[in-house]
Amino acid sequence: MNVTIERKSDCAALPKGWQREEIMRKSGLSAGKVDVFYYSRGMRTDVSLVPPIRQTASIFKQPVTVYKTQDSKSKADLKHGTLDKPNQLFWAKRLEGLRACDVDGVELGPVELPKGLKPVGPNVDDGTLLQSVATSLHVTSQAVTGQQASKAVLQMNPGVFLNPDQPLMHSVNINEDDIRRQEDRVQVARRKLQEALKC
């Protein structure tokens with residue numbers, strides 16, 4: 001692409017030291033179009049070794065060239081915040097009243113949760129808590145600890161103080177007795193499975 005500088009001037013609309021430069025394209029499909037650049041006088045010499053980034057999209061009347069004014073260490077520096085979709089706070093409440101069914105269409109009975117799991121939030125019942133915990137265990141890669149804020153603060157205004165990345169339950173502490181009880185349950189289940197396989 002052969003280009004020639006058409007006009008270079010100070011820009012009164014921008015702070016002192018900024019210049020406007022118009023460059024007309026001489027060849028190619030876009031010959032005759034004018035690219036407009038804005039830069040400060042000091043910036044031009046600092047970034048002369050860095051090639052500009054061309055950005056053309058259908059919404060622009062003409063292509064835009066971006067000159068970087070600061071050195072970035074990685075592509076992560078160019079990100080503007082997280083790209084993850086935010087979690088809706090009380091999404092599990094939409095599933096209230098729905099129950100799983102077996103193959104014959106018979107509704108399964110309610111699941112009994114451990115005594116240590118206490119729901120938190122406006123009108124959150126055990127079913128909603130179970131859906132919230134199950135989703136957290138399967139979807140998130142972080143530790144599932146429950147809500148860390150105090151019970152008094154959570155009851156005062158749950159919409160403000162609830163963490164959407166954690167299930168709708170009060171914080172849970174697991175001790176050695178809990179781990180031993182779970183190990184015993186696993187051993188019993190394994191014995192029952194071995195007996196069933198022998199038959």
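Leaving out residues up to four places away in sequence, glutamine 147 touches Val120, Leu154, Phe161, Leu162, Asn163, Gln166, Pro167, Met169, His170 and Ser171, a contact being heavy atoms within 4.5 Å. The model is a predicted one, in which local features need pLDDT of at least 70 and side-chain atom pairs count only at pLDDT 80 or more, while totals for chains, interfaces and linings use all residues. Residues are numbered from 1 along each chain as its sequence is written, and side-chain values use heavy atoms, with hydrogens and water left out.

Glutamine 147 sits in the loop between H2 and helix H3 (151–156); helices (H or I, at least four residues) and strands (E, at least two) are DSSP runs, numbered from the N terminus. Glutamine 147 has a relative accessibility of 1% and so counts as buried (buried is under 20% relative accessible area, exposed over 50%, partly exposed in between, with a 1.4 Å probe and protein chains only). Its side chain reaches the backbone nitrogen of asparagine 163 at 2.6 Å and the backbone oxygen of glutamine 166 at 3.2 Å. Proline 164 is 17 residues from glutamine 147 in sequence, with 9.0 Å between the two C-alpha atoms.

Neighbours within four places in sequence aside, valine 120 is in contact with Gln147, Leu154, Leu162, Leu168, Met169 and His170. The largest nonpolar core has 6 residues: Leu89, Val120, Val124, Leu154, Leu162 and Leu168. Such a core is a set of buried Ala, Val, Leu, Ile, Met, Phe, Trp, Tyr and Cys residues joined through side-chain atoms within 4.5 Å. There is also a second, separate core of 5 residues, among them Leu117, Leu129, Val133 and Met169.

Serine 132, in helix H2, is buried as well, at a relative accessible area of 4%. Not counting residues up to four places away in sequence, serine 132 touches Trp91, Ala92, Pro167 and Leu168. Asparagine 123, in the loop between strand E5 (64–66) and H2, is exposed at 71% relative accessibility. Its phi is near 55 degrees, a positive value in a residue other than glycine; most residues other than glycine have a negative phi.

Then there is arginine 25, in strand E2 (residues 18–25). Arginine 25 is buried, with a relative accessible area of 7%, and its side chain makes a polar contact with the side chain of serine 30 at 2.5 Å. A polar contact here is a pair of N or O atoms within 3.5 Å; within protein, one must be able to donate a hydrogen and the other to accept it, and residues adjacent in sequence count only if both atoms are side-chain atoms.

As for open space, the largest pocket holds about 680 Å³. A pocket is an open set of points on a 1 Å grid over the protein atoms alone where a 1.4 Å probe fits, with protein on both sides within 12 Å along at least five of seven lines; lining residues have an atom within 4 Å of a point. Of its 19 lining residues, Pro114, Leu117, Val172, Ile174 and Asp178 are the closest to the centre of the largest pocket. Helix H2 (126–139) and helix H5 (176–198) each supply at least two lining residues, with H5 giving the largest share, 4 residues. The second largest pocket has about 400 Å³ of space, and the closest to its centre of 16 lining residues are Leu98, Arg99, Gly127, Leu130 and Gln131.

Notes. Points joined across faces, edges and corners; volume = space filled by probe spheres on them.
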